[in-house]
Amino acid sequence: MQPLFDYTLRLADNALVLGHRLSEWIGHAPVLEEELALGNMGLDLIGQARSLYAYAGEIEGKGRDEDALAYLRDAVSYRNILLVEQPNGDFAATMMRQLMYAAFAYPFTTALAKSKDATLAAVAAKAEKEMAYHVRHSAEWIIRLGDGTEESHARTQAAADELWPFVGEMFEVDGVERELIAAGIAADPVPLKAEWERTLTRVLDEATIARPRDGWMQTGGRAGRHTEHLGHLLADLQYLQRAHPGATW
Amino acid sequence: MSAAATITKLSDAALRERAWKVASEVTDPEIPVLTIADLGVLRDIKVEDGRVEVFITPTYSGCPAMNMIALNLETVLETAGMVRPRIHQVLSPAWTTDWMTDAGKSKLKDYGIAPPAGRAGRRALFGEDKVVCPQCGSDDTARISEFGSTSCKALWRCKACAEPFDYFKCI
């Protein structure tokens, strides 16, 4: 069961960390409608994370529930990809990160909805529809910002350039996944790359943003080697449970 | 005779019918004109040896209304005399707006929320929805935001009557 636990945890950590990043915008969004949108997208992801953590806890069978898995693990135990933990930056950077992730997550959850694992399939089937909205939302902003003023164009281009080294990790397959893909449980991300490329190319073209060149790709998040940003994120996310263990209300 | 004492005389089938009637009147706390039966959120009720189990399904992964709905279900069923009913959340098959009843859609419209346009399904990712204004019926409308006051809604406005309105998204 270890590979299935690891795999479920990776999916859950991606969703929680990105969901938390989006929630950091609450109270800071540029306009009210965007405040609601960012909060809603964060809620979708945190909802997905909750289902996945609950399932991971069941698989593990050691009595850890969704809260224990979210609040009581350190950065080295987190299995999310590095893209989702990148700081919000300016609004263009947040939207670019969201587009890069959602354009992957949409076909990925479509594929995972066919998993032989009933719970993963169920969570993915629900998430798929939500991710379609995330793609459309972030794509519209990237187009508006990229094809906007000189300032917004420059910031959007900078966001694309800075985040590009983090996209490779989404399409990596390691030992844990290879076994689960063969068993029809995990979704193989490799064949999804073409669709991701099409979405990104289409949006970046329309946004008049140059597609960054592929080069060195960052990796390691799924093995627990994170950027310095995750520790800060967790310090905020986990503060209450760490300071007041077992606190509920 | 107390509600609980009356209930114990019922067969499982009759109890299920009673439970369904009570449960189906619970409303969505975020859209109080809609019952969970209108929404298709109420999936099934099983009764075995007088023990009631209710199955509900979330509309969205992070729908905060689900906890409230579960709590309300417990309360109304207990009030109707059913002892410690159990509420389960089921994820599969995933909820879709297609399960919303026609009565539910028309209640939504009367309440000022545009019901889901057409059937859920594989929409073109960048395709435009055609949404009719629930206030004046015009289809000359525009989307303000993909996301609205709750996860299930988007914010639109009508160019004919100039009113903003919520649209229940099609998923």
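Guide: One term before we start: helices here are DSSP runs of H or I, at least four residues, numbered from the N terminus. With that in hand, α8(A) is followed by Gly184(A), whose phi is positive, near 80°. Keep in mind that this is a predicted model.

Visitor: Fine. Which residues of helix α8 of chain A are buried?

Guide: Helix α8 covers residues 175-182 of chain A, and its buried residues are Val176(A), Glu177(A) and Leu180(A). They fall within an arc of 85° seen down the axis of α8(A), so they line one face of the helix.

Visitor: What do those buried residues of α8(A) pack against?

Guide: They pack against α1 of chain A, residues 2-23.

Visitor: And which exposed residues sit on the face of α8(A) turned away from the buried side?

Guide: Arg178(A), Glu179(A) and Ala182(A) are the exposed residues there.

Visitor: Switching to the interface. How many residues of chain A and chain B are in contact?

Guide: Chain A contributes 31 residues, and chain B contributes 30. Between them the two chains bury about 2,700 Å², with 57% of that on carbon and sulfur atoms. On the chain A side, Lys126(A), Tyr133(A) and Arg136(A) lose the most area to chain B. Together they make up 31% of what that side buries.

Visitor: How many salt bridges between chain A and chain B?

Guide: Two. Glu140(A) forms a salt bridge with Arg143(B), and the closest N and O atoms are 2.3 Å apart.

Visitor: Which elements give two or more residues to the side of chain A that touches chain B?

Guide: Those are α2 (32-60), α5 (91-112), α6 (118-146) and α9 (193-206) of chain A. The largest share comes from α6(A), with 16 residues. By type, the residues on this side of chain A divide into 14 nonpolar, eight polar and nine charged.

Visitor: Now chain B. How many helices and strands?

Guide: Chain B has five helices and nine strands. From the N terminus the order is α-α-β-β-α-β-β-α-β-α-β-β-β-β. The C-alpha trace of chain B spans about 60 × 30 × 25 Å along its principal axes. Chain B has 171 residues, and 46% of them count as buried. Of its contacts with a separation of 6 or more, 53% join residues 24 or more positions apart.

Visitor: Where is Thr97(B)?

Guide: Thr97(B) is in the loop between β5 (86-89) and α5 (102-111) of chain B. Its relative accessible area is 2%, so it counts as buried. The side chain of Thr97(B) reaches the backbone oxygen of Ile171(B) at 2.9 Å.

Visitor: What is phi for Arg84(B)?

Guide: Arg84(B) is not a glycine, yet its phi is positive, about 40°. It sits in the loop between α4 (65-79) and β5 of chain B.

Visitor: Is Arg84(B) buried or exposed?

Guide: Arg84(B) counts as exposed because its relative accessibility is 60%, and the cut-off for exposed is over 50%.

Visitor: And Thr208(A), what is its phi?

Guide: Phi of Thr208(A) is near 60°, a positive value in a residue other than glycine. Thr208(A) is in the loop between α9 and α10 (228-237) of chain A. At 42% relative accessibility, Thr208(A) counts as partly exposed.

Notes. Residues numbered from 1 in each chain as written. Chains lettered and ligands numbered in written order. Predicted model: local features only at pLDDT ≥ 70, side-chain atom pairs only at ≥ 80, totals over all residues. Heavy atoms only, no water. Contact = heavy atoms within 4.5 Å. Buried area = accessible area lost by both parts, 1.4 Å probe. Salt bridge = Lys/Arg side-chain N within 4 Å of Asp/Glu carboxyl O. Nonpolar A, V, L, I, M, F, W, Y, C, P; charged D, E, K, R; others polar. Buried < 20%, exposed > 50% of the residue type's maximum accessible area, 1.4 Å probe, protein only. Arc of directions from axis to C-beta. Polar contact = N/O pair within 3.5 Å; in protein donor to acceptor, adjacent residues only side chain to side chain.
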